[in-house]
Amino acid sequence: MRRPVALRLQAVAATAVVGVAVAVTVPTPQASAAAGAATGFASQNGGTTGGAGGQTVRATTGTAIHTALCNRASSSTPIIIEVSGTINHGNTAKVSGPSCNTAAGVIELKQISNVTLVGVGGGAVFDQLGIHIRDSRNIIIQNVTVRNVKKSGSPTSNGGDAVGMESTVRNIWVDHVTLEASGGEAEGFDGLFDMKDDTQYVTLSYSILRNSGRGGLIGSSESDRSNGFVTFDHNLYENIDSRTPLLRGGVAHMYNNHYSGLHESGINSRAGARAKVENNYFRNSKDVLGTFYTNERGTWQVAGNIFDNVTWSATGNENYPAGPNPTSTTTVGIPYSYRLDGASCVPDIVRQTAGANTGLRVSDGGCTPQSPPPTTPAPTTPAPTTPPPTTTSPPPPSGTNLSLASGAGADGSSKADGTSYGNVRDGSLGTYWSPSGSTGTISIKWGSATTVSRVVVREPSGTQGSIGSWQLVNNDTGAVLASGTGAGAVSFAATSLKKINFKINSSSGTPRVGEFETYAG
């Protein structure tokens with residue numbers, strides 16, 4: 001059960017109006033194109049560059065957005081769509097074509113890839129109209145406002161989600177957006193930022209989520225655990241009942257967010273989920289972290305957070321708050337680099353940078369806002385029309401592959417017939433190691449301590465996508481250096497060790513490792 005938030009919204013309405021009145025007196029740069037580069041988990045799995053390198057078109061209606069998608073040479077041809085004005089049901093019609101699959105009454109990013117949707121000029125507002133991402137990859141949404149999307153009443157759009165992702169979605173970066181409702185489920189609204197049915201490698205950064213019963217979820221049910229690798233940084237969650245987010249299974253990283261006015265619960269890690277929660281500021285809220293509304297518990301790693309006037313309920317059936325003195329219940333490895341602001345300055349830096357129409361400013365890692373870099377990410381190679389496997393073969397990194405160095409060796413757990421440990425360090429994808437079952441460990445070792453900070457795991461041709469979840473482990477200490485899904489490249493803090501393990505925890509079919517490359521940088 002959830003209490004309706006209509007009365008709460010009335011209580012904050014006056015404050016909200018004052019905030020808007022002040023904001024319009026402060027000049028801010030107007031975005032003219034997508035800026036910056038994807039961060040967090042969206043930077044992994046090959047990275048997220050959207051439509052970089054493609055044609056730039058301008059759209060002032062939802063129909064024009066759909067037309068731009070449908071006029072591409074293919075469903076993977078890169079495109080940057082600059083949006084201005086108000087997009088609503090009245091100007092959003094279905095458009096047909098071989099490179100698109102659209103629908104009326106919703107911005108449909110379905111079965112496509114390599115797209116940037118960015119607000120420009122005086123701003124872009126999606127009014128009562130949601131953005132739906134389905135069976136798609138490499139999408140950037142930046143500098144837009146999505147408001148009052150309903151799943152019941154009139155008009156309805158996108159199942160009531162402001163931004164919703166489902167069904168084999170990969171590499172999404174949503175940045176500097178404002179997502180807001182005007183109530184909870186009783187008023188016809190659902191989640192502001194939802195991910196389900198195999199959605200992975202997503203970052204939500206520098207955004208505002210407010211005035212809603214539900215902030216968002218990762219996983220639609222306790223059995224929908226195929227989602228994860230999601231980063232939330234420098235966001236404001238304000239006047240929300242719960243789900244900031246609700247995490248079912250998977251891994252999420254929350255840092256430098258400001259949570260204010262969470263009425264029932266906040267970060268809800270459940271059903272085996274693992275959340276890293278660091279340097280956030282929680283204010284005037286209840287039960288901001290824990291497992292709630294279920295006995296299928298999740299875990300968390302906490303560090304550097306500030307709890308300002310936070311209340312905690314008593315532990316009981318289907319209610320496991322992390323407080324009043326939150327401590328870590330797991331360890332979560334983060335494969336990308338990031339800069340942490342001190343928690344004490346988070347409310348101020350988020351106020352200056354988060355949301356649409358703030359000039360796409362970001363923190364410099366020292367609690368000071370700065371404008372984004374002027375450069376645009378280089379274009380990606382167009383993805384195939386059908387979504388490819390979870391990972392793609394990465395390019396060769398610079399530097400020496402330490403696995404090929406003199407004195408290096410390989411060993412691991414039981415191997416399948418006809419394979420060899422040494423096949424992962426012979427420089428050839430024509431040979432491979434395979435475990436005797438669906439899981440197993442392959443290792444690179446040296447006679448003396450060697451510094452490693454980057455690993456590339458390559459699968460032989462025709463077997464890509466078979467490796468599921470994995471961990472990189474420092475064999476000397478047992479510490480987990482990184483974790484993830486699928487083969488590819490991963491970076492982590494430089495570590496001196498004599499042996500590093502690539503531990504395959506799940507797979508589809510028979511996993512094979514063609515090369516296990518290691519690098520100092």
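The model is predicted.

The protein chain contains three helices and 34 strands. Of its 521 residues, 57% are buried. Contacts were counted for residues with a separation of 6 or more, and 73% of these join residues 24 or more positions apart. The accessible surface of the protein chain is about 19200 Å². Carbon and sulfur atoms contribute 50% of that surface.

Helix H3 spans residues 346–353. Its buried residues are Val-346, Pro-347, Ile-349, Val-350 and Thr-353. Just after H3, Gly-355 adopts a positive phi of about 100°.

Aromatic pairs number 12 in the structure. In one of them, Tyr-237 and Tyr-259 are stacked, with 5.2 Å centre to centre and 10° between the planes. Tyr-237 belongs to strand E16 and Tyr-259 to strand E19, and the pair links distant parts of the chain, 22 residues apart. Both tyrosines, Tyr-237 and Tyr-259, are buried.

Phe-282 and Phe-307 form another stacked pair, with 5.2 Å centre to centre and 5° between the planes. Phe-282 lies in strand E22 and Phe-307 in strand E25 (residues 306–311), so this pair ties together parts that are 25 residues apart in sequence. Phe-307 is partly exposed, because its relative accessible area of 32% falls between the 20% and 50% limits.

One aromatic cluster is formed by Phe-41, Tyr-201, Phe-229, Tyr-255, Tyr-336 and Tyr-338. A charged group also meets a ring: Arg-297 lies over the face of Tyr-320, at 4.0 Å from the ring centre.

The salt bridge count comes to 17. Glu-180 pairs with Arg-210, and their closest N and O atoms are 2.8 Å apart. Glu-180 lies in strand E10 (residues 178–183) and Arg-210 in strand E13 (residues 208–214), so the bridge ties together parts that are 30 residues apart in sequence. Glu-180 is buried at a relative accessible area of 17%. Arg-210 is partly exposed at 24%.

Arg-225 forms a salt bridge with Glu-296, with the closest N and O atoms 2.5 Å apart. This pair links two loops that are 71 residues apart. Arg-225 sits between strand E14 (217–218) and strand E15 (228–233), and Glu-296 between strand E23 (289–292) and strand E24 (299–303). Arg-225 is partly exposed, with a relative accessible area of 41%. Glu-296 is partly exposed as well, at 37%.

Asp-411 and Lys-445 meet through their side chains in a salt bridge of 3.1 Å, N to O. Asp-411 lies in strand E29 (residues 409–412) and Lys-445 in strand E30 (residues 440–458), so parts that are 34 residues apart in sequence are tied together. Asp-411 counts as buried at 18% relative accessibility. Lys-445 is partly exposed, with a relative accessible area of 33%.

Conventions:
Residues numbered from 1 in each chain as written. Predicted model: local features only at pLDDT ≥ 70, side-chain atom pairs only at ≥ 80, totals over all residues. Heavy atoms only, no water. Buried < 20%, exposed > 50% of the residue type's maximum accessible area, 1.4 Å probe, protein only. Helix = DSSP H or I, 4+ residues; strand = E, 2+ residues; numbered from the N terminus. Contact = heavy atoms within 4.5 Å. Areas by Shrake-Rupley, 256 points an atom, 1.4 Å probe, with all protein chains shown as cover. Phe/Tyr/Trp six-rings, centres within 6.5 Å; stacked < 30°, edge-to-face > 60°. Lys NZ or Arg CZ within 6 Å of the ring centre and 35° of its normal. Salt bridge = Lys/Arg side-chain N within 4 Å of Asp/Glu carboxyl O.
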